[in-house]
Amino acid sequence: MIVGAQWGDEGKGKIVDLLAQHSDVVVRYQGGPNAGHTIVADGETYKFRHMPSGLLWGKECVLGAGCVIDPDVFIEELDDAESRGLDTSRVRVSGNAHVIMPWHVAIDGASERRLGRLQIGTTRRGIGPAYADKSSRLGIRVQDLFDQKILRQKIEVALAEKNLWLERIYGAEPLELEDVAGRAERWAPRLRSHIADASLLVHQALLDGQDVLFEGAQGTLLDLDHGTYPFVTSSNPLAAAAATGTGIGPNRIDQVVGVAKAYVTRVGEGPFPTEIEGPNQERVRDLGGEYGTVTGRTRRCGWLDLVALRYAARLNGFTSLALTKLDVLSDFDELPVCTRYRLPDGTETPDFPAHQSDFHHADPVYEVVDGWREPLDEVESAAGLPDAARRYVELVERELGVPVSLIGTGQERERALAR
Ligand code: IMP
C-alpha cells in the first residue's frame with residue numbers, strides 16, 4: 001500500500017511505478033482526475049490522472065468502488081495511452097464507482113467562484129460535488145451507464161435540480177438535457193470492456209498468491225476525516241480506505257509505505273506552518289519544479305514538517321517511508337526541520353494539534369541541520385550519500401520511529417536508492 005504522507009504531490013507515481021514492476025495488480029481506491037501522477041520512463045514523460053501507474057508495466061490496473069470517474073477524462077487517457085503503444089486491455093473499473101457528471105464540474109467551479117476569498121482551491125474537476133451526490137444517494141454509478149433508459153431518467157431528474165442550483169444560486173449557465181444525455185450515451189460502448197467486479201478481482205488475485213499494490217491519491221493531510229478540514233479533498237486517501245474503496249478486508253494489507261517529500265508542498269488554500277518565507281520559497285519551487293500536474297498552479301513550498309509526518313505515520317500505520325526529491329535540497333547550506341509546534345499558549349508539542357485553532361496558530365520549532373551542498377546525481381547507493389544527507393534521513397527515522405526504505409534523488413525511474 002502506497003500512500004501520500006503530506007498534502008499530495010509527494011512523488012507517489014514514481015514509487016508506485018518502481019514497485020509496480022514486482023506486482024501483479026495495481027489498484028486505485030479513491031479520488032478521481034484531481035490526482036496527477038507524473039512518471040518519467042525511458043526518456044518519456046507520462047502524466048496520469050485516472051490511470052493507476054502500473055499501466056506502464058502492462059499490469060492489471062483497477063479503479064475501485066471508492067473512486068469517482070470522469071468518463072471523458074478516462075477515455076482520453078485510454079486513447080492517449082493506446083496511441084503511445086501501451087496495452088490498456090487490463091484496465092478495470094468497478095461498476096460501483098461514481099461518475100463525475102458535467103454538472104459536478106460546473107458546480108465545483110461555480111461554488112469556488114462564489115466562495116471567493118473563502119474558496120478551498122479545489123482542482124475544479126467536480127470531485128466534491130460528485131462525492132456529495134454519492135453520500136446523498138443521488139449519484140450516477142458507472143454501471144448505470146449501461147442501461148440507457150435508467151441513465152436518461154437519472155440524468156433528467158438530476159439535471160432538473162442541478163440547473164436550479166446553477167442558475168439561481170450560482171448565476172451560471174444551465175446545462176442542456178440533450179447535450180448531457182447524448183454525451184453520456186456515447187461513454188458506454190468505449191467503457192464496456194473495462195468494467196469489472198473490482199472487489200472480486202482483487203480478492204481472487206490475493207487468493208492466487210498474487211502481489212497487489214494499492215495506490216493512494218492525494219495525501220494524508222487532504223483526508224476528509226483527518227486532514228486539515230475544510231481544506232481537504234472529498235475522499236479518504238488514508239491507507240485504511242484502500243479496504244473499503246476496493247472491497248477487501250483490512251487484514252489483507254500487510255505493508256504501508258508512506259511517501260513524503262524531503263520538504264513539503266501544498267496547492268490550494270489552508271494553513272501550512274512550515275511554509276517558507278522569503279526567497280527560499282521560490283528557490284525550492286524552481287529547484288523542485290513545483291507546479292501542479294493537473295492545474296498548473298504553483299505549489300506552496302515548506303521545510304520538512306516532522307510533526308505532520310508523525311501524525312501521518314500514526315493515521316496510516318506506515319511500515320516504512322519513501323523520502324522523495326532529496327536532491328532538491330542539495331543547494332542549501334542549512335536546512336530547517338520542524339520537530340515541534342509551539343501552540344498559542346506557549347507550550348511545545350511533537351503531536352499534531354487535534355483542534356483546528358491550535359493548528360492554524362501553530363508556529364514551527366526548527367532544528368537546523370547541515371546541508372550537503374553537492375549534487376546527488378552520481379550517487380548510486382544509499383551508502384554513497386554525503387554524510388549530511390544521510391544524517392538528514394536518519395533524523396527523520398529517529399523522530400518518527402519508521403525506517404526510510406527508499407530515497408528519491410531525481411525524476412527518472414532509476415533515481416531511487418533502496419536502503
Ligand atoms: P479537490 O480534490 O479538487 O476537491 O480539491 C480539494 C483540495 O485538495 C485542494 O486544496 C486541492 O488542491 C487538493 N488536491 C486534490 N487533489 C490533489 C492532488 O492530487 N495533489 C495535491 N493536492 C490535491
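**Salt bridges, strands and surface**

Mentor: R190 has a relative accessible area of 24% and is therefore partly exposed. Please bear in mind that this is a predicted model.

Trainee: With which residue does R190 form a salt bridge?

Mentor: The closest N and O atoms of the pair are 2.7 Å apart. The pair links distant parts of the chain, 111 residues apart, with R190 in helix α7 (residues 187–191) and its partner in helix α2 (residues 71–83).

Trainee: Is K261, which forms a salt bridge with E290, buried or exposed?

Mentor: In this salt bridge the closest N and O atoms are 2.9 Å apart. K261 lies in strand β11 and E290 in the loop between α10 (280–288) and β13 (300–302), so the pair ties together parts that are 29 residues apart in sequence. E290 has a relative accessible area of 0% and is buried. Buried means under 20% relative accessible area, so K261, at 1%, likewise counts as buried.

Trainee: In which helix do R390 and D387 both lie?

Mentor: The side chains of R390 and D387 meet in a salt bridge at 2.8 Å, N to O. R390 counts as partly exposed at 27% relative accessibility, and D387 is partly exposed with a relative accessible area of 45%. The two residues are 3 residues apart, about one turn of the helix, and that helix is α13 (residues 387–400).

Trainee: How many residues of strand β14 are buried?

Mentor: In a regular strand the side chains alternate between the two faces of the sheet, so each face may be considered in turn. In β14, S320, A322 and T324 are buried on one side, and L321 and L323 are buried on the other. The strand (residues 320–324) is mostly covered, and the number buried is 5 of 5.

Trainee: Which residue of β14 is the bridge partner of V259?

Mentor: Strand β11 (residues 257–261) pairs with β14 in the parallel sense over 5 bridges. Strand β18 (residues 404–408) also runs parallel to β14, joined to it by 3 bridges, and in β18 the bridge partner of L321 is V404. For V259, the bridge partner in β14 is A322.

Trainee: Q218 has a positive phi although it is not a glycine; what is its relative accessibility?

Mentor: The phi of Q218 is about 55 degrees, and the residue lies in the loop between β10 and α9. In the loop between β10 (212–215) and α9 (241–246) there is also P230, joined to Y229 by a cis peptide bond with omega of about 5 degrees. Q218 counts as buried because its relative accessibility is 8%.

Trainee: What is the relative accessible area of W165, which belongs to a nonpolar patch on the surface?

Mentor: L164, W165 and I169 form this patch, with about 260 Å² of accessible area together. W165 is placed in helix α5 (residues 148–169). The residue is partly exposed because its relative accessible area is 38%.

Trainee: Is E414, one of the residues in the patch of negative charge, buried or exposed?

Mentor: The patch gathers D42, D377, E378, E380, E412 and E414 on the surface. E414 is found in the loop between β18 and β19 (416–418). At 55% relative accessibility, E414 counts as exposed.

Terms used. Residues numbered from 1 in each chain as written. Predicted model: local features only at pLDDT ≥ 70, side-chain atom pairs only at ≥ 80, totals over all residues. Heavy atoms only, no water. Buried < 20%, exposed > 50% of the residue type's maximum accessible area, 1.4 Å probe, protein only. Helix = DSSP H or I, 4+ residues; strand = E, 2+ residues; numbered from the N terminus. Pairing = 2+ DSSP bridges. Patch = residues over 30% accessible without salt bridge, like charges linked within 9 Å, V, L, I, M, F, W, Y side chains within 5 Å. Areas by Shrake-Rupley, 256 points an atom, 1.4 Å probe, with all protein chains shown as cover. Salt bridge = Lys/Arg side-chain N within 4 Å of Asp/Glu carboxyl O. Lys, Arg positive; Asp, Glu negative; His and termini not counted. Charge placed at Lys NZ, Arg CZ, Asp CG, Glu CD.
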